[in-house]
Amino acid sequence: SADKNAGETVPAPPVYLDVTSAFIRSGDELLDHPAVPDRIEIPAVELSASVITAEHTFTEVEGANFGQWLAPDFEAAGWHPDSALLGEAGNTVINGHHNVHGEVFGSLVNVEEGDLIRVHSRGRVYEYIVTNRLIVPETFMDAATRLDNARWLARSDDVRLTLVTCWPKESYTHRLILVAAPVH
């Protein structure tokens, strides 16, 4: 009955904090703008290209499913979002096509150890020097070989950049992998 509730106060609705970036800032530029790659430059081969977040799919090898990051299907490189942010401990991995969809990494085969790579993120520039250049067999290889190749794209304890594309230009049978260390 109405008399039963007389004199009781109705609880106020809960108040939620508005935590949008318009109201709260960390004061730390790196937290507010994580170092996600948005452009890559390799002066030695006159490469300058956009970097976007790569898409993910699964592929089957010997009856087992393996995750695979896809290179963009237009002229851009693809950052693996499960890899490290620029400048952080870990392996920052970027892929790209070498013979289709704009051939963003078409000249990667001409990059040599000692060459400079610049990767941009929101106006910041991270510089790396190529320390390893390798070509490994991939297509038609057994799962063990492909997993061994994939270790170059795995997480690491050091700060590094890894670029990967297919090779040679006429096929997709191998992977060209460049590993670079930060310039200090």
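Predicted model: local features only at pLDDT ≥ 70, side-chain atom pairs only at ≥ 80, totals over all residues.
A polar contact of 3.3 Å joins the side chains of serine 171 and threonine 173; by polar contact I mean a pair of N or O atoms within 3.5 Å, where within protein one must be able to donate a hydrogen and the other to accept it, and residues adjacent in sequence count only if both atoms are side-chain atoms. Serine 171 sits in the loop between strand 9 and strand 10. Setting aside residues up to four places away in sequence, serine 171 touches His98 and Asn99, contact being heavy atoms within 4.5 Å.

Residues are numbered from 1 along each chain as its sequence is written, and side-chain values use heavy atoms, with hydrogens and water left out.

The loop that holds serine 171 also holds proline 168. The peptide bond from tryptophan 167 to proline 168 is cis, with omega near -5°.

Now the overall fold. The protein chain has two helices and 10 strands; these are DSSP runs, with helices being H or I of at least four residues and strands being E of at least two, numbered from the N terminus. Along the sequence, the pattern reads α-β-β-β-β-β-β-β-β-α-β-β. Of contacts between residues at least 6 apart in sequence, 61% join residues at least 24 apart. Buried residues account for 35% of the 184 residues, where buried means under 20% relative accessible area, exposed over 50%, and partly exposed in between, with a 1.4 Å probe and protein chains only.

Next, the interior. In soluble globular proteins, nonpolar side chains tend to be buried together. Which residues touch the most other members of the largest nonpolar core? They are Ile40, Ile94, Phe105, Ile117 and Leu163, out of 26 residues in that core. A nonpolar core here is a set of buried Ala, Val, Leu, Ile, Met, Phe, Trp, Tyr and Cys residues joined through side-chain atoms within 4.5 Å. Several strands supply at least two residues each to this core, among them strand 1 (39–42), strand 2 (47–53), strand 5 (77–79) and strand 8 (124–137). Leaving aside neighbours within four places in sequence, isoleucine 94 is in contact with residues including Pro37, Val51, Trp79, Phe105, Val119 and Leu163. A second, separate core has six residues, including Val136, Trp152, Val164 and Ile177.

I turn to charged pairs. Side chains of opposite charge can pair when their charged atoms come close. The structure holds five salt bridges, each being a side-chain nitrogen of Lys or Arg within 4 Å of a carboxyl oxygen of Asp or Glu. One of them links glutamate 103 with lysine 169, the closest N and O atoms being 3.2 Å apart. Glutamate 103 lies in the loop between strand 6 (90–95) and strand 7 (116–121), and lysine 169 in the loop between strand 9 (159–167) and strand 10 (174–182), so the pair ties together parts that are 66 residues apart in sequence. Both partners are partly exposed: glutamate 103 has a relative accessible area of 35%, and lysine 169 one of 44%.

Glutamate 127 pairs with arginine 118 at 3.0 Å between the closest N and O atoms. Glutamate 127 is partly exposed at 31%, as is arginine 118 at 25%. Aspartate 158 pairs with arginine 160, with a closest N to O distance of 3.1 Å.

Arginine 124, in strand 8, makes a side-chain polar contact of 3.4 Å with the side chain of tyrosine 126. Arginine 124 and alanine 35 are 89 residues apart in sequence and 8.2 Å apart in space, C-alpha to C-alpha.

Two backbone points deserve attention. Glutamate 46, in the loop between strand 1 and strand 2, has phi near 55°, a positive value in a residue other than glycine. Glutamate 46 is exposed, with a relative accessible area of 73%. Arginine 122, in the loop between strand 7 and strand 8, has a positive phi of about 50° although it is not a glycine. Arginine 122 is exposed as well, at 56%.
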